[in-house]
Each structure stands twice: as C-alpha cells, then as structure tokens.
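Here are a few notes from my look through your model. Have the structure open while you read.

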Amino acid sequence: MAKTPDDRRLEILQGTLDMLILRTLQWGAQHGHGIGQAIRAQSDDLLKVETGSLYPALHRLEKRGWLTSEWGVSEANQRAKYYRLTAAGKAQLSRERDRWSQLVNAIGRIMNPAPAGPARKD
Amino acid sequence: MRPDDRELDDEIRGHLALSVKERIERGDDPEAARLAALREFGYVPAIRDSMRRVWYSRWFDAVAALGQDMRVGLRSLLRARGLAATVVVTLALGIGANAAIFSVVRGVLLRPLVNHDEDRLIYIRQSAPGIGAENTTFSVPEINDLKSRVTTISSFGDFSTVDFTLIGLGGEPRMVKAGVVGGSFFHVMGLRPVLGRLLNAHDDGPKAAGAAVLTYRFWTTSLNSDPSVIGKTIRLGPRTAMVVGVLEPSVPYPADTEIIANVVTSPHHLGATMVTSRTHRMTELFGRLAPGVSLAAARAELTAVHAAIMREHPEAYSANGDVQLRVKKLRDQIAAPARTILLVLLAAAAVVFVIACSNVANLILARSVRREGELAVRAALGAGPGALRRTLLAESLVLCSAGAVLGVLLARPFVGAVARYAARFSVRALEVTVDPSVLWVGAGLAMAAAVLLAYIPRLPSPHAPAGLGLTSGSLRITPGTNRRLRVFATIQIAFSFVLLAGAGMLLATLVALQTASTGYDMRQVLAFDIPTSATGAGFGDATLKFYQEATRRITQLPGVDGVAVGSFVPWRDAGLFGPAVSFAVEGYKAVNGEEDPRARFRIVAPRFFDVLGIPMLAGRDFTDEDRRGSEPVVIVSQSVAQRLFPNGQALNRKMWWTDPYFGNPPLRRRIVGIVRDADDEHVVRGPALTIYHPVRQIGVGGRLFVRSASGDPYALVPTVRRVIREISADQPVERAATLEDVRAQVLSPDRLNAFVFSGFAGIALLIAVVGVAGVLAFSVSARTREFGVRLAVGSSPRHLLTGVLSEGVLIAAIGIAAGAAGGYVLARVAARFFATMQMPGMLPVLGAAVVLIGAAALASLMPAARASRVDVLQALRSE
C-alpha cells in the first residue's frame, strides 16, 4: 500500500465519522483497527481516522445501542474487541445516509449552479 | 456492559498488536514497528481516558477517588488509634447532644398537635397580673357573655377540673382527676374516639344522663385497654355515669385527667354559685377560629368584648388586678413553658459542639503537622492542592462519619432523658421519640465538621523548598501552627467557662432553695390528701365528725406525736386557692387610694401550728370550742399583725373578708392569736399575709398532717390509711409525703435544670482538659530538642516543669477572661429576650474559674513532667 503524502489527506467532515463507522460495519463485525484501515482503504487513502477520535466514537455508538461488541482473537493472535451493527444501528445508518445525500445535493446546488441559473459573472 | 479499565487496556493492546503486525509484514524492523505504532496511536492514557469518559462522568470519578482516599485515610487512622478514638468520641458527644436536643425541640415546639385542624384551635386565658394571678380562669356568666357577643370564634369549648372518687372499674375506690365539659368541647378540640363515642350536644345540660369518656392514658395504663368498659356504669362521688367511649391519645391540656365527664355528673356545676356567680371562676376556655378569621382579628374582638364586659361589671374585677385576656394558638400555649428552657438547652448543646469541634481541630492540626513530610512527598510527586485537600477531606470524613454514627447511637438514650426532663415543662415532651431528623442533624453536623476540619491544616507551599520536609522525618512546628493550636485551646476554655459558670449558677440557686429555712418542721411531718368533697359527704357535720374521729384515733397510735387537719399542703397545693383575698380590719384605715390588703385564706384544726412546728407568738391556738355557733375567730400571721398594726395591738381586733364571695355583709371575726410567718406558696420564703380559720367554723379541710415521734415517718402511712378506712370505707387517703419530700418534689425541675447543665458543663470541661493536655503534649514533643539543649546548658528540670505548667495555666487564664467577657455580653443580650435571665453571682463565676485553672494545671502536669525528664543525649541526637 502506497503511503499518501500528508498534504493530500482530507479532514473527516465533522459529524460524519459515526456514519462512516456504521457504513464500514455493514459488511460484518470488525475491530477498531480494522475499521480504521477500511475507512482509509475505501477512501483511497484520502481519509485517515485518528485513534483519538475513532475509539471514543466506537464507545459512544455502543453506548447508544447502535453497536454491540464481543471479544474475539485477531489476526495478530491477540484478544481484540469486535463491533457489530445492531438493528437500531442499521436504521440509524439509513437515516444518516439520507441526510448525507440531501446535504450533498444541497451543497452541490450552491456550488455548481445549473446553466439557467443566475447571471454569470464576468 | 460498562467496560472496566482492564478491558479498555485490552482493546488498546489489541489495536497496537495489529498495527505492529501490519508494519512488520510491510518489512519494518520489529523494534521500529513497535515505536511507529505507538507514535501513530497517540498518548495512550489520554485516549483511554476519553473512552472511559463515554461511560463514566467526572463526578463518578471524583467520588471514586474520594472513596479511594477514604480507604487510605481509614488505614492511616487505624495506625493512630488513640487520636482517632479521641476525635470520634469527642465528636460523638457533640453530635449526640445536639441531635437529641434538636429532636426534642422539634417534637415539643414545632410538631403539630393531633387535633383536627389544629391551626385554628385557640386557647383563651384571663389573668390578673396585678395581683399575681397568672390564670384566673372564667366563670360561667363570663363565658356566656363571650359566647353571645363574639363572632370571630365559631364555637367555644369549656373545661373545668374536679376530683371525683371513682368506684366501679375494679379495685379500690380511687381519686380521679376529671374534666367536666360542655357538649361542644370535643367538637371544638377536634378530637376523635378510639372506642365508642365522645360527648356531644345531647350530653349537655342538667337533664342529660351522666356520661364519661376515658382518656387514652387511663384506659391503657389502669384498665389494660379493656374494650368491655364501654357501657359500664361507674359511680363518681354521689352521681353515676356511663362510660361511653375512649379518647384518642392527645396532649392533655389544661389538665392531665383520667376521665372527662358531662356537667350533670358534678353537682357543683349545676349549683347556683357556679351558674350565676360572675366571680366563681374555675373554667378554662377554648375556641375555634371562624372560617377566614385570623388569630389577630379574633384576639382584637375578644379583647374588646372582654373590656366591655369588665366595664359593665366593675364589681367582679379587681381594680389593681390589671385583668386582661390572652389569646394564643393552643399549640403555642402548650409549648410556651418549655420554650425558654429548650432554647437554652439548644444553645448549651451548640456550645458543646463548638468545643468539640475546636478540640478535634486541634488534634487534626497537630496530626497534620506530623504529616507535613508525607504531604510534601505527595506534593513533590505531582499531587495538586486539590488532591491534597481531598486527602485531608477524606480523612476527616472518615473521622466525622464515625463520630456521627456513634453520636446518633448516643442520641437515642439522650432523647429519652431530655424528653423526660422537658416533660416537666410541657406535656408534649412525653410523646417525643427518636425520629429520622436525628439522623439528618447528625449527618449535617458531621459534614460541617468534616469540611471545616479539612480546611484547617496548611498545605505545603509548592514554592517552598521541599527538601527539608522531604529529607527529615522529624517534627517542625511553625509559629503559625503553634498559635492556631493555642487559639483553639483558648476557645475551648472560654466556652467551657460559660457553661461551667451557668451550671454553677443553677447549682447555687438549687442549694439555696434546698437549704432555705421554711418555717416548718420538715422531717417529721407527713402530709396526706383526704379529700372529703370527693365522697359526696360535702361540707358539714359528717365531715367534722370524721375529722374529729380520725384525729382522735390517729393520735392514739404508737409513734405519733401530733395530728391536725388543715386545708393546704405547703408548696404542693400552691395556687390551689387562687390569689390572695381582700380583707379589712377594725382600726386600720387604708391610705387614700390604696386597695384593701389581701391575705391567704387557710383552714386549720387545733394543734395545727404545734404539729407543723410554727410557733405561736401571741394569743391562743384554736380549740374544739371554736365551732359553728360560737364566736367567729381567726389567727393571723406575723406579717398581717405587723403590717396593719405596727404598734402591736392586733389581738382581739375584728377582721372581715371584703371579697363579695364571703357574703354581704361579711362576718366579723376576732383575732385571737398571732403565729410566725410560714410561706406555703413559695419555697423561697417571702412575707406571707395569712389568715387561719378554725376548721369547725368552716366545715371543710381536706388535708391531714401527722407528726411522727421518731424514726421513719413513712412507717406510719399504712396504719394511718387503715384507721381512716375503718372510719369511712370510701375515703381516699393519698399522696402521703413528708414536707421535706414535698419540697424536693416541687424543686425537681430546678434540680433537673442544674443536673442537665452540669452534665453539659462536665462534658465541656472534659473536652477542654483533653484539648489543653493535647496542645501542651504536642508542643513539648515538638520542643524535645530545645529542652535537651536547655537541660544540657544547666537548666533545672524543675524550671522546665514550671515553664510548661505556667503555659497551660496561661492558656486557661486567657480563655477564662475571654469567656467572662463573652458570657457577660451574651447574658446582656439574652436578658433582652428573656425576662427571667439572671446574672450569675460571684461565687459560681469564681468557682468555675478555679475549676478550670485547676483542670488546666492538671492537664499540663503530664506534658510538663515529660519535658523535665527529657533524656539529654537522646534529645540532642534526635536530629
């Protein structure tokens, strides 16, 4: 895996980390390290989750009942905590996904107005 | 669900292992991989903490830390058992005393009565302070006038007390105290029956059938709560009544009676005197405020109506009496006598608490000085001021909680004792029990003490060079600490002095009361109540015959030195005959505007003065010939003779009572004798204007006095009782006591005052002594090296001993001076609120000072001896 230079990397947008975690777990149970790596890989190395944000977020989601956890043995042959999406978590994910596409749409409309839009600037 | 710290660690460890593995697989060197993984992860404690924070609030952690500190504190206190025990016991005494007094105060002064809607229940009292009559009660015509004119009171209830001989509930005939009430009484009082019914409007008036209600106390204690008493017919003197119900437990006021009966049971209540005489006052009056009427409005209307009644009937009210009406809520009326004493007790308890706290502060301060090294180490290791304070707070919490637990346990017996004591002043105290408020007060006081104590020691300054405190385990006492120790010791002495002086004052009063000469032969004279009106025999020949026969036969008993009938047992019957009665004498002209003189009306049989040890000063005693039909005669006390006849010509003059009660025109009676004054109303003797009448001319006495020749007078009681019963089987013979015991009984509230205060003062003294001894012991042990040096350069041990001793005495002296000044100011302030506030005399103040100085000297003796016996070599080597 090639290293991404720091200047290319993007900040994770405020409030989207929870959604990213939930989305990542849709494919099955995973531990914290795996979740972090998956987000990085899926984003083509553009997004990197700091552990200082990832772990509190995992615990917060577990406390709200969107995730459950169980202990298992990781690829490193060590005890690891695997998180899994609950039914409530799935519902939450679909809500967040809707909100996200609305947001993207709305912002997109502002940033890239349709050709018949307001007067062009010189 | 909540992950614990171990699980959080495991999760982090699992992450790092994966991260390292990934790097090694990429070809990194294992050591470099581990470092890189750690670097990438971030500061582990901070991240773990942010995970924790999701599950545990800051508060939770703070409390947990305090709990941890408390466990540590407990362990470290267990190593200083002596100190811990002293602190806990001291606090327990302070907290226990306060909690107990507080629950009694709450029970007596603050708790509502059981009566329905007790907030609207009022008590109305007529008094005549001008002639010393606190409670003149009301006459039936007065009550009828009030009832017909007052609109702010929805209904009135009346209550008067009579004695009945009760026959018919098993056992011997017995004297019972009974309330006689009108039909509205129970409705006004808002009381319910526990069994049967109470008296109502149908039981009122002269035509109703006799009916009686038993009080709860009488029913449970004398009748074993027997439900079959309902419907039984009992004899009350000459009349009969049916028991219709049992009253719920309630505060007995104005009198603690056994039964409450309707008016038809008491012939006296139906008589013309009772019904028509405006001055025949024997009825207490209660009322219920009309809806929407305030106490103040009712008071205003009652006072106005009362003033109008007085204007319409000037002859029925003493011109100098300053007759007035007082209207209070019943609850306040019942609590009033206990209010002052309870507030004073509360203050005394608070003082004990202050002393206890300052003593504990001293001990803690001394301990914290010894721990300065430990605190400095902890500060050096990064504990902030908050954490250090928390350590101290945890420790003082452990101490104070233990003190509070022990204090609350102590409070249980305290409450019992204080309640029995307060019951002398207010019947409500009898119902006081230990309630949860004791726990709250205890816990609150402990908390206050704990916080206070945690902020007393100074923390090691973060800027000071810590080296000194860290390196040497020895003691360094700063002048500041020393001064604070002394200040606390002085405070204790000052407060103890106030309590001691107060207790000394009460003791001095008590001793004065108990040793005062009374004018009576105290030891050998037995007094009995032989109420004849109770049997229904009434006044007259039968009664006189009974007196004569009883006197004759008891006189013949072995061991009896003299027997006489009287009408008034000194002190015990105080107030029984109401205020003194106005009279006039031939040859005495009142100065213009002066009212007639007033004297006490008493009835005695021949030999009465001889039996009670009152000397005749002039003239003759009564004889059996002074009877109805013969010339009316009286004997007067010395004060009467001296006041009205300064030239000593009282004998053979005529006197007559001018009060309308004695008829018009009044009978003139010749003065045939003069006896020395004896004050039968007050234990502390005052001038007593008394006029004695022969029993055979009046026809009623009711009291019997028997003088025993030698030995125990009480040995005569069974024989006297048997002889009287032989003459009249239904005759009650009660309350046998020597005059000495009568006085003791009358003085028991004073004795209890002195006792309780001495208890408080004793506790205070004990704590203060411990405090002074502690301060000096600490100061001596901190100065071991100094003493060693002084001994080494030639100081005599004696010199060191007196030095330490005088230090202790100086603390005491300063404390006493402060206490005297503070106490004086306090007493002046208190005098503004309590009319009866007295300044202690010189003797109790000096006594308290001497006791304190002595105690302080004693307390300094041990540390002083230790100072003088310091081993020079050891002391010098100690640093």
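This is a predicted model: local features need pLDDT of at least 70, side-chain atom pairs count only at pLDDT 80 or more; totals for chains, interfaces and linings use all residues.

1. The axes of α2 (residues 32-42) of chain A and α3 (residues 51-64) of chain A come within 11 Å and cross at roughly 120°. Angles from 65 to 115 degrees count as roughly perpendicular and those over 145 as roughly antiparallel, so α2(A) ends up oblique to α3(A). As for handedness, the crossing of α2(A) and α3(A) is right-handed.

2. Which residues make that meeting? From α2(A) you have A:Gly32, A:Ile35 and A:Gly36, and they meet A:Leu54, A:Tyr55 and A:Leu58 of α3(A). Sorted by class, this contact between α2(A) and α3(A) has four nonpolar residues, two polar ones and no charged ones.

3. Now over to chain B and its helix α6 (residues 140-149), where B:Val140, B:Glu142 and B:Leu146 are buried. These residues span an arc of only 160° around the axis, which means they sit on the same side of α6(B). What do the buried residues of α6(B) pack against? Their partners are β2 (153-167), α10 (272-276) and α11 (295-312), again of chain B.

4. Last, the place where the chains touch. Chain A puts 18 residues into the contact and chain B puts in 16. On the chain B side, α1 (5-25) and α3 (44-55) each supply at least two residues. The largest share of that side comes from α1(B), with nine residues. By class, the side of chain B that touches chain A has seven nonpolar, five polar and four charged residues.

Definitions and conventions
Residues are numbered from 1 along each chain as its sequence is written. Chains are lettered from A and ligands numbered from 1 in the order in which they are written. Axes are lines fitted to C-alpha atoms, for helices over the stretch in contact, and angles run from 0 to 180 degrees between N-to-C directions. Helices (H or I, at least four residues) and strands (E, at least two) are DSSP runs, numbered from the N terminus. Angles under 35 degrees count as roughly parallel, over 145 as roughly antiparallel, 65 to 115 as roughly perpendicular and the rest as oblique. A crossing is left-handed if the near helix is turned anticlockwise from the far one by less than a right angle, and right-handed if clockwise. Two residues are in contact if their C-beta atoms, placed from the backbone, lie within 7 Å. Ala, Val, Leu, Ile, Met, Phe, Trp, Tyr, Cys and Pro count as nonpolar, Asp, Glu, Lys and Arg as charged, and the others, Gly among them, as polar. A residue is buried if 20 or more other C-beta atoms lie within 10 Å of its own, exposed if 12 or fewer, and partly exposed in between; C-beta atoms are placed from the backbone. The arc is that of the directions from the helix axis to the C-beta atoms.
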